[in-house]
Amino acid sequence: METLNTEKSCQNAAKCPIYSGVLKSMTHTASAYRQLYCDAGSTGWNNCRRFQVKMRTGKCPENILPNSLKSVDDIIKKYNLTLLS
Ligand code: SF4
């Protein structure tokens, strides 16, 4: 279990599958994502596709990666997500 640094870690980290171990067998990848996005302060997590989708809809499908090439709009459309009001 990673220790969260609340100033530098994404607010979604505690419940995010990327942060909490879905990539257990790919430790280098998971650690690279954390360095680039999750633990990189607001600049990092604002660049994360998962974070962006969650900001718009309140959730993000499990299989979306932080560096997904799909746009936020494409993800919202594909997964039929409802925008937060
Ligand atoms: S993958 Fe994205 S949403 Fe998940 S903890 Fe990292 S920055 Fe936050």
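## Shell around the ligand

By class, the ligand shell holds twelve nonpolar residues, one polar and one charged. Nonpolar here means Ala, Val, Leu, Ile, Met, Phe, Trp, Tyr, Cys or Pro; Asp, Glu, Lys and Arg are charged; the others, Gly among them, are polar. The model is predicted: local features need pLDDT of at least 70, side-chain atom pairs count only at pLDDT 80 or more, and totals for chains, interfaces and linings use all residues. Numbering starts from 1 along each chain as its sequence is written.

Of the 14 residues around the ligand, Cys10, Cys16, Ile18, Cys38 and Cys48 come nearest. A residue is near if its C-beta atom, placed from the backbone, lies within 6 Å of the molecule. The largest share, three residues, is from α1.

## Fold and size

The protein has four helices and zero strands. Its pattern along the sequence is α-α-α-α. Helices (H or I, at least four residues) and strands (E, at least two) are DSSP runs, numbered from the N terminus.

The C-alpha trace spans about 30 × 25 × 20 Å along its principal axes. The radius of gyration is 12 Å, which agrees with the value near 12 Å for a compact globule of 85 residues. That radius is taken over C-alpha atoms, and the globule rule is 2.2 Å times the number of residues to the power 0.38.

Buried residues make up 25% of the 85 residues. Buried means 20 or more other C-beta atoms within 10 Å of the residue's own; exposed means 12 or fewer; partly exposed lies in between; C-beta atoms are placed from the backbone.

The largest nonpolar core has eleven residues, including Cys10, Cys16, Ile18, Cys38 and Cys48. Such a core is a set of buried Ala, Val, Leu, Ile, Met, Phe, Trp, Tyr and Cys residues joined through C-beta atoms within 7 Å. Again α1 gives the largest share, three residues.

Tyr33, Arg34, Tyr37 and Cys38 are buried in α1. Seen down the helix axis, the buried residues of α1 fall within an arc of 100°, so they line one face. The arc is that of the directions from the axis to the C-beta atoms. The face turned away carries the exposed residues His28 and Gln35.

## Asn80

Asn80 lies in the segment after α4 (72-78). Phi of Asn80 is near 55°, a positive value in a residue other than glycine. Asn80 counts as exposed because it has 6 C-beta neighbours inside 10 Å.
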